[in-house]
Amino acid sequence: MAIRQLSETLINQIAAGEVIERPASAAKELIENALDAGATRIEIATAGGGKALLRVSDNGSGMDATDLELAVRRHCTSKISETLEDIRTLGFRGEALPSIGSVARLSIASRRRDSTGGHEIAVTGGKIAHMRPAAANPGTIVEVRDLFFATPARLKFLKTEKAEAGAITEIVKRMAIAFPAVRFVLSGSDRTTLEFPATGDDHLARMAQVLGKEFRDNAIALDAVREEISLTGFAGVPTFNRGNSAHQYAFVNGRPVQDKLILSAIRGAYAETIPSGRYPVAVLSITLDPALVDVNVHPAKSDVRFRDPGLVRGLIVGAIREALARDGSRAATTGASDMLRSFRPGFQPNTQRPQGGWSAETSPSRPFQPTTGFGERPQASFDGLSMPTARAEPQFSPQPPAPEPNARYPLGAARAQIHANYIVAQTEDGLVIVDQHAAHERLVFEAMRKALHSKRLASQVLLIPEIIDIPEEDCDRLMQHAAELSELGLAIERFGPGAIAVRETPAMLGEVDAHGLIRQLADEIAEWDTASGLSAKLEYVAATMACHGSVRSGRRLRPEEMNALLREMEVTPGSGQCNHGRPTYIELKLSDIERLFGRS
């Protein structure tokens, strides 16, 4: 069969298969063009989930007739010249508009700010119509109708209109977080209007618009630099988590990305702090030299490749863990809200008419008679009790922090223990309820983890070294991390070109499947250039030991023991949640309590 040149229309339709996967892909490309044009106001309108109509209007720099004619032709762009080493714009490939025009009915009306009139051009199924003058405000209006009408097979792979509309909403949210100085409005016949007013340089205010005001109250600021890479943003406290990873946003040089390396780093940073099946809320912005990252990995530009992925991963994990150690122990404010919703009014009068007629004893309007509980005899048993204070004596730690007289502590003073498991403490402006087992479990685990990282772990010498055959390249990778593994109690040596000899294993792990462990570490190093899997296994064992070695539920504590627990929680990183990710305490403000009783 003879080789022939494909038509321009078919080439554009092939490109559209990669660039424009669904209406949300088209929305992303058009919004990026508007942002690159310097727009401060972007309005998006949809119908039929974006399949029937997608209109993006902006007040950017606009285009003249010459630019407009080139804009609908493939590989025509104003954003790069001769190199991909210095990409500082969201778009650069010059494929979006011709790709959309090849599979839909596309019209573009644009006017420069310094021009007295605008122009309009249309592309239908790849066919470009003649340019014509048009009345237009400064900026650009791009209208896409009947998406994929020229490739009807593609329509079969789209989801419902509601699902496609939701995907466009998610794109707008990501762009809104990345550009807080831009006003976004999303409207249409298939949705309620969504508006994000500009917040200027206040990124947290924009995040609160998108993620909800609760995020502002439960976010910890991030600001870290390592070599030539900087990381800013906000990470939610561990107890403020969600059922999926949709609330994790990552940006590289202002570009929204969905990168596996970044998502994996977020998951690693929150290890041992969030329950299985739950996901943290985080917004990360990475800034680095454009030459150190490749954004030309996929036509959709949602994936990136870093020149030094290990450096980026280490920066993310380190910054989040440092922030959690600094300010991540506090309970999520949503815990108080859930607690308030669980309360019911304590006095529920019986308003039904009693059978057998009215009587003084059963009437709901009868006078209150304190026959039990509040009488002098039942109350006399409380006379011998002294009022607890916030002072604490050594109970749970060899060297607990020495309390100061009259000091105000974040977790307050213990006032009671209920159901032999929960400590109720009074704070300056509310109360705190602590799960004593979960809290002490975390304290024990942190003490053990500190010991793990402070010295070389004890190892057990194998009577006969185990020889494990693995590919030569895996042997090379493992030996590069031999010193690191030795600190964790795993001693390995090279045994020929394609084998590893295991001479010692960590004592904490007991009987070890050395073959499985070595192969797992080799795979992890090949993918992430790190051998953190062994450390994770050791921390899991430590967590299990901490669970069995902590204060059990049902044990009655003296006031000084309860206060000692509270004081240690205040100085221990991650004490806001147990090793399984559940909250260790819930805080209820005085204003919340007053609201329960209708006093505010």
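**View A. Two buried phenylalanines.** Phenylalanine 215 and phenylalanine 240 are both buried. The model shown here is predicted. One aromatic pair is counted. The ring centres of phenylalanine 215 and phenylalanine 240 lie 6.5 Å apart with planes at 45°, so the pair is tilted. The pair links distant parts of the chain, 25 residues apart. Phenylalanine 215 belongs to helix H8 (residues 213–217). Phenylalanine 240 lies in the loop between strand E11 (229–236) and strand E12 (241–242).

**View B. Strand E7 and its partners.** Strand E7 spans residues 139–145 and is mostly covered, with five of its seven residues buried. Strand E2 (residues 53–58) runs antiparallel to E7, joined by six bridges. Here arginine 55 stands opposite glutamate 143 of E7. Strand E3 (residues 105–111) is also antiparallel to E7, through seven bridges. In this pairing arginine 105 faces arginine 145 of E7.

**View C. Arginines over aromatic rings.** Arginine 105 places its charged end over the ring of phenylalanine 149, 4.0 Å from the ring centre. Arginine 105 also stands opposite arginine 145 in E7. For arginine 567, the charged end sits over the ring of tyrosine 409, 3.9 Å from the centre.

View D. Mean pLDDT for the protein chain is 82, and 79% of its residues reach 70 or more. Residues 370–375 stay under 50 in pLDDT. The model gives them four contacts beyond four places in sequence. Residues 381–387 also stay under 50. They have one contact beyond four places in sequence.

Key: Residues are numbered from 1 along each chain as its sequence is written. This is a predicted model: local features need pLDDT of at least 70, side-chain atom pairs count only at pLDDT 80 or more; totals for chains, interfaces and linings use all residues. Side-chain values use heavy atoms; hydrogens and water are left out. Rings of Phe, Tyr and Trp (its six-membered ring) pair if their centres lie within 6.5 Å; planes under 30 degrees apart count as stacked, over 60 as edge-to-face and the rest as tilted. Helices (H or I, at least four residues) and strands (E, at least two) are DSSP runs, numbered from the N terminus. Buried means under 20% relative accessible area, exposed over 50%, partly exposed in between (1.4 Å probe, protein chains only). A charge sits over a ring if NZ of Lys or CZ of Arg is within 6 Å of the ring centre and within 35 degrees of the ring normal. pLDDT is the predictor's confidence in each residue, from 0 to 100. Contact means heavy atoms within 4.5 Å. Two strands pair if DSSP finds at least two bridges between them.
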